[in-house]
Amino acid sequence: MKDTIMVEKMDQISSLPEIILHDILSRLPEKDAIKTSVLSKTWREIFYTFPILSICDRESIRRSSKRKKDQQIKTFLDYGKQRLLRFSDQGLAIKEFKLKLSLSCFDLQLIYPDVDQWLKLASECDVQTLKLCLPTLKEDDPCLCYILHPGVIEARSLNKLVLKGRIRFDKEFLNPSVKFSSLRVLSLSYVLFDDEGAIEHVISHCPLIEQITLKWCYVYNPQGAGDMQISLMKSVSMHGLQNLKGVDIQGVQNVYIDAPNIEKIYYVADSYEPSKMNFDGCGNLRALTLMNMNIEFLFTDLWFLHLSSKFPFLESLELVECSMFEYISISSSQLKSLVLSNCSTMDLLEIDTPNLLSFRYYYAGDDLPSISFLSCSNRLEVNVRLNMTHPRLYQLGKFVEQFKPQKLLTSLSLSIHPCIPFDESFYDDQYLDVKVTSSVKNDVNVVDFVHLKSLLGGLSSSDNANISFRLK
């Protein structure tokens, strides 16, 4: 009886319009969406005409004998071709095509012509989003890349292109006829360019581009020593892009951005090389993240003091693993969120931010800086996380003293991960207004610094403990 009811319910769902059934599939995890194809003939047809098409070799090709593996690859290629031909033959549009390949270098080279055919079929079916993911390219890996043919991705309907892995843009992309007239999102990770200026040429032919991601891209260098014939991209310049809203750039040494309407910049430098970055023309910037930077090499010591005049709309500033000046004064009238994570060499930090709502400070070291708020919001929340190799409680107490309850601070939470026990005195009675909670023992309610000292003193270097503080 129960099975009959379930079948009837399934039949009711199967009778829904195709557009609704496609919407149901779009909300399911990929593996579950594939499973629907065995429910019935109706669901099988719905799945094969589902406009979000994902093909991955990982489930179809497993480690086995060469003969069996060759057959698995042939079956996989036939499956992919038939799926795409179904869309092409029926004149159906593909909303998104994702192809993920994890085969060995040798096997990949054999199927590159099939990849060409698949991408061409997808382009002819007015594909809107195209994602191609191959194994990651490395500097010391001379493996032959898949050469992306310009004609494959010139679909006028294409608005999002995501490429990752051993994919190569050859000199054909310097051809003026190569245009991405509808592209709004471009994401390139671990791909290879034949020419240093190829990426700028591609970007300049994306008049509607809104989001650009460049992560650890390479440039071909035939003069390289031995097999080291590729190197990380050295520079990139972006200008004249009126619609650009955000960039994520990682591993490029020199970056120049002049985009009047850009709102978000996320930049990760190659920590082994000094980096240069110029984005002073981005006056509409609202969020800035810098990682692995030598700030002294990039800015003057007054740069942070003039944030309001340079970036009057900046609301979020995040500095991670950056080498700083000993003295930093951050002044901004609009800044609402400030994050400093493991920024070394800084002794004194002054914060003049009347609208700041969140300040997060993370540091793994022993010498804690002096931090003062010249102005801040009365709703400010402060979160501090320390990882002290040699915990000095007297210094910790002095550090916490900077955040004693006042009308400018609504709350402060601080956690410390001590690695080596200590035996140092400190002035217990100065910090009795600090409420302390501990994650070491759930049944212990540590209420002040006296208990904290006892708790930390009992820890060994092998304890993985986090001690959390919160001001009353």
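Me: What makes E17 and strand E18 (residues 316-320) a pair?
Reply: E17 and E18 share 5 bridges, in the parallel sense. Two strands pair if DSSP finds at least two bridges between them. So 5 bridges meet the cut-off. Strands here are DSSP runs of at least two residues (E), and helices are runs of at least four (H or I), numbered from the N terminus.

Me: What should I know about the model and its numbering?
Reply: This is a predicted model: local features need pLDDT of at least 70, side-chain atom pairs count only at pLDDT 80 or more, and totals for chains, interfaces and linings use all residues. Residues are numbered from 1 along each chain as its sequence is written, and side-chain values use heavy atoms, without hydrogens and water.

Me: How do you know that strand E15 (residues 264-268) and E17 run together, and in which sense?
Reply: 5 bridges join E15 to E17, and the strands run parallel. Ile-265 has Leu-288 as its bridge partner in E17.

Me: Why is strand E17 (residues 287-291) called largely enclosed?
Reply: Because 5 of its 5 residues are buried, E17 is largely enclosed by the rest of the structure. Buried means under 20% relative accessible area; exposed is over 50%, partly exposed in between (1.4 Å probe, protein chains only). Ala-287, Thr-289 and Met-291 point one way, Leu-288 and Leu-290 the other.

Me: Which residues touch the most other members of the largest nonpolar core?
Reply: Phe-97, Ile-257, Phe-279, Leu-290 and Phe-359, out of 109 residues. Such a core is a set of buried Ala, Val, Leu, Ile, Met, Phe, Trp, Tyr and Cys residues joined through side-chain atoms within 4.5 Å. Helix H6 (residues 105-124) gives the most, with 8 residues.
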